[in-house]
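Open the model in your viewer and keep the sequence panel beside it. The tour goes from one selection to the next and says what is found at each stop.

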Amino acid sequence: MHGTRILDEADRLMTVCNSCRYCEGLCAVFPAMEMRRAFSDGDLNYLANLCHSCGACYTDCQFSPPHEFNVNVPRTLAVARAESYAAYAWPRAFSGAFARNGLVISLVAALSVAAFIFGFAALHDRQVLLGVHTGPGAFYKLMPHNAMAALFGAAFLYAIVALVMGVRAFWRDIGEPVGMRTDMAALLQAIRDAGELRYLDGGGVGCFNEDDRPTDRRRLYHHLTFYGFALCFASTCVATLYHYLLAREAPYAWWDLPVVLGTLGGIGLLIGPIGLLAERWKRDPVLVDEARYGMDVAFIVMLFLTSLTGMALLMLRETAAMGPLLALHLGVVFSLFVTMPYGKFVHGIYRFAALVRYAMERRAMAQGTAE
Ligand code: SF4
Ligand code: SF4
């Protein structure tokens, strides 16, 4: 017996699959499964987070419904994965509410912070909110730089602490002691696998949709989203260095590095999330965890809104729309930060930790075979 019903079901399926082994070439889940004869809760959460939900093992399976074995690995691991996000979340109390109402909570948080900044500025000096401001320091007319840095620094720090606590619990549960020596080769292999989204290819043909025709679009949109996010993060880091090291205040010119990185990242974050939502919409319902739709899409929607408001701000920063747009953009970014540890963002972190563990297991096995 496991801690939850979905882990009982995952155990049943992994036992069937371990006898069959037909899918062992499709992804990392099946080779990792074959290294085990029995499955602890941590093992099953590890396997669930190794799965990229491509759907290939459902389409290929001779035991999928209506067969009496009722084997549906993608959906079972998707539910187990989502429950693992809640199980490892810190503090745990926040995860349940977010799993049920993720999108609503994110939007309410974004609008509340935007309304607060908007209202504060409007009451203080309407001209600051609705006037035209240009040149270095224009953004800080609405909110002083130190106040902005303190508010967003605190939100970011909170997100980092919550994420570290979550991944620490996950790493410990899948059987690795916290603080163990890093296996550099395994780490590099995991970075390569994550960077290429190696296991999001359905064994080479792409992800499966409702019409059973595999395509590689889901991987493409994942790449655009991930690298778009990374470029926007790099843009923020460069702007921070500009501010503190070079005493150069935003907004910057079109050709300046923070704007170039932010624009490229912003384009990725407009196309990638829309593509992911469209692919999510088209997926065969039998493959996905419909009960957590809100949590699933909340992070993608917030990424899209962050980019949309950021790009609108870039276009209209020299007009009277700058103040309201900046308030809206700051509200969305604040909400993105504080909801990150309870939404789909964590799947990237846990999946990466699972890939590190998998690379370590593979290396240990190869060394054992060689000896
Ligand atoms: S998913 Fe089906 S075909 Fe694939 S290993 Fe499991 S039982 Fe075999
Ligand atoms: S859905 Fe794809 S990634 Fe997940 S177990 Fe099946 S083949 Fe592997």
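Start by selecting Ala80, which touches Ile6, Leu7, Asn45 and Ala48, not counting residues up to four places away in sequence. The model is a predicted one. Ala80 sits in helix α5, and its relative accessibility is 2%, so it counts as buried.

**Ligand 2**

Select ligand 2 next. Around it are Leu26, Cys27, Val29, Phe30, Cys51, His52, Ser53, Cys54, Gly55, Cys57, Val73 and Pro74. By type, the shell has nine nonpolar residues, three polar ones and no charged ones.

Stay here and pick Ser53, in the loop between α3 (41-50) and α4. Is Ser53 buried or exposed? With a relative accessible area of 8%, Ser53 is buried. Its phi is positive, about 60°, although Ser53 is not a glycine. Most residues other than glycine have a negative phi.

**Ligand 1**

Move to ligand 1. The residues around it are Cys17, Cys20, Arg21, Tyr22, Cys23, Cys57, Cys61, Gln62, Phe63 and Val71. Eight of the residues in this shell are nonpolar, one is polar and one is charged. Cys57 is listed around ligand 1 and also around ligand 2. Cys57 has a relative accessible area of 12%, so it is buried; Cys23, at 9% relative accessibility, is buried as well.

With several cysteines on display, how many disulfides does a search of the whole structure find? The search finds zero.

**The loops on either side of α5**

Select Pro65 and Pro66. The peptide bond from Pro65 to Pro66 is cis, with omega near 15°, and Pro66 is placed in the loop between α4 (56-60) and α5. Asn70 is found in the loop between α4 and α5 too. Asn70 has a positive phi of about 50° without being a glycine, and at 38% relative accessibility it counts as partly exposed.

Then go to Trp90 and Pro91, which are joined by a cis peptide bond with omega about -10°. Pro91 lies in the loop between α5 and α6 (92-124). Most peptide bonds are trans.

**Thr215 and helix α10**

Select Thr215, in the loop between α9 (184-196) and α10. Thr215 counts as buried at 18% relative accessibility, because the limit for buried is under 20%. Its side chain reaches the backbone nitrogen of Arg217 at 3.3 Å. Leaving aside neighbours within four places in sequence, Thr215 is in contact with Val205, Gly206, Cys207, Asn209 and Glu279.

Now show helix α10, residues 217-245. At 1.5 Å a residue, its 29 residues should span 42 Å, and the C-alpha atoms at its ends are 41 Å apart, which agrees. Colour its buried residues, among them Arg218, Tyr221, His222, Gly228, Val238 and His243. Ser235, in helix α10, is also buried, with a relative accessibility of 10%. Beyond its neighbours within four places in sequence, Ser235 is in contact with Pro258, Leu261 and Gly262.

Finish at Ala247, which follows α10 and has a positive phi, near 55°.

Terms used
Residues are numbered from 1 along each chain as its sequence is written. Chains are lettered from A and ligands numbered from 1 in the order in which they are written. This is a predicted model: local features need pLDDT of at least 70, side-chain atom pairs count only at pLDDT 80 or more; totals for chains, interfaces and linings use all residues. Side-chain values use heavy atoms; hydrogens and water are left out. A disulfide is a pair of cysteine sulfur atoms within 2.5 Å. Buried means under 20% relative accessible area, exposed over 50%, partly exposed in between (1.4 Å probe, protein chains only). Helices (H or I, at least four residues) and strands (E, at least two) are DSSP runs, numbered from the N terminus. The expected span of a helix is 1.5 Å times one less than its number of residues. A residue is near a molecule or strand if one of its heavy atoms lies within 4 Å of it. Ala, Val, Leu, Ile, Met, Phe, Trp, Tyr, Cys and Pro count as nonpolar, Asp, Glu, Lys and Arg as charged, and the others, Gly among them, as polar. A polar contact is a pair of N or O atoms within 3.5 Å; within protein, one must be able to donate a hydrogen and the other to accept it, and residues adjacent in sequence count only if both atoms are side-chain atoms. Contact means heavy atoms within 4.5 Å.
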